[in-house]
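Okay, thanks for coming, everyone.

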Amino acid sequence: MHKRATLGVVVTGALALTALAAPAAQADEKYGNIKVTSVSVNGGKAVVVGAKAKKTITLKFTVTDNSGHRMATAYLYRGANIETADSAASPSKDPITCKKVTSTKSNCTASFTFTPNGNAINSVAGTWKTWAIAQAKDYDYVQKDNLKSFKVLRAAQLAGANASPEPVAKGATITVTSKLTRANWNTGVNGALGGQPVQLQFKKAGTTAYKTVKTVNSASTGAVSTTVKASADGTYRYVFAGTSTTAGATATGDTIDVK
């Protein structure tokens, strides 16, 4: 297959655009009664990667065959299939580790380390897939072009909310501010995230639940600001729900004292 840009270090995983020769793509194939089940990527959670810090995740699945497990391997990739993928990542150990549970069942585990490195890789955020193949001792085998889809997202951050003035008279206007940023894998730093809806929430003193007061859009600088009338003691915070390529974020709340 063609070598291509990959979101990852060849040995350890993803997010550092290097060349990776992954398996040639084929349609799903199966021979015999071997099965791959109980597939989990990162515990079922999106893979959220910051601007600099490495992120190691685990792929798990179960291989079942009447003759027992012989070998298995898996790759993570983004694209229509693994051969035409614009990015891919290999496991830290290949073939991957599989532990025998019974004479017919083995649990397999693979690790992948996502490493942002300042290359032009923001565009590979979004939906990724899992290519895998498993073989039994009697040479039954199964190959899946996508065992499991999952999200690789750019981390977002909301600066701690600031409500002012404090203290404030009941009925007076207060301004609540924050700033929304997200990881820029191209540059290795967080950058402003503008034009995004952000919810202002309030938790009245003595209660446990936040309620949404209003929704505002972040400015081009990432700044978030709005005004409300002070009605009672409590805590204000901002919440960003996220997008298809960016994780959500919640600001640390700021408690006000209403006189």
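**A quick tour**

Let's start with a charge and a ring: the charged end of Arg-237 sits over the ring of Tyr-210, 3.7 Å from its centre. To count as sitting over a ring, NZ of Lys or CZ of Arg has to be within 6 Å of the ring centre and within 35 degrees of the ring normal.

Before I go on, a word on what you're looking at. This is a predicted model, where local features need pLDDT of at least 70 and side-chain atom pairs count only at pLDDT 80 or more, while totals for chains, interfaces and linings use all residues. Residues are numbered from 1 along each chain as its sequence is written, and side-chain values use heavy atoms, with hydrogens and water left out.

Okay, aromatics. Searching the whole structure turns up four aromatic pairs. Rings of Phe, Tyr and Trp (its six-membered ring) pair if their centres lie within 6.5 Å; planes under 30 degrees apart are stacked, over 60 edge-to-face, and the rest tilted. Tyr-75 and Trp-131 make an edge-to-face pair, 6.0 Å centre to centre with 65° between the planes. That pair links distant parts of the chain, 56 residues apart: Tyr-75 is in strand β8 and Trp-131 in strand β12. Strands here are DSSP runs (E, at least two residues), numbered from the N terminus. Both Tyr-75 and Trp-131 are buried, and buried means under 20% relative accessible area, exposed over 50%, partly exposed in between, using a 1.4 Å probe and protein chains only. There's also an aromatic cluster made of Phe-114, Trp-128 and Phe-150.

Next, strand β19, residues 197-204. Which way does β19 run against β20? The two pair in the antiparallel sense over six bridges; strands pair if DSSP finds at least two bridges between them. Val-198 has Val-216 in β20 as its bridge partner. β19 and β20 form a hairpin with six residues between them, and Gly-206 in the turn has a positive phi of about 90°. β19 is also joined to strand β22 by six bridges, again antiparallel, with Gln-199 opposite Val-239.

Last stop, the backbone. Asp-94 and Pro-95 are joined by a cis peptide bond, omega about 5°, and Pro-95 is in the loop between β9 and β10. The bond from Ser-164 to Pro-165 is cis too, with omega near 0°.

And look at Ser-38 in strand β5: its phi is near 55°, positive in a residue other than glycine. Ser-38 counts as exposed because its relative accessibility is 56%.

Notes:
Helix = DSSP H or I, 4+ residues; strand = E, 2+ residues; numbered from the N terminus.
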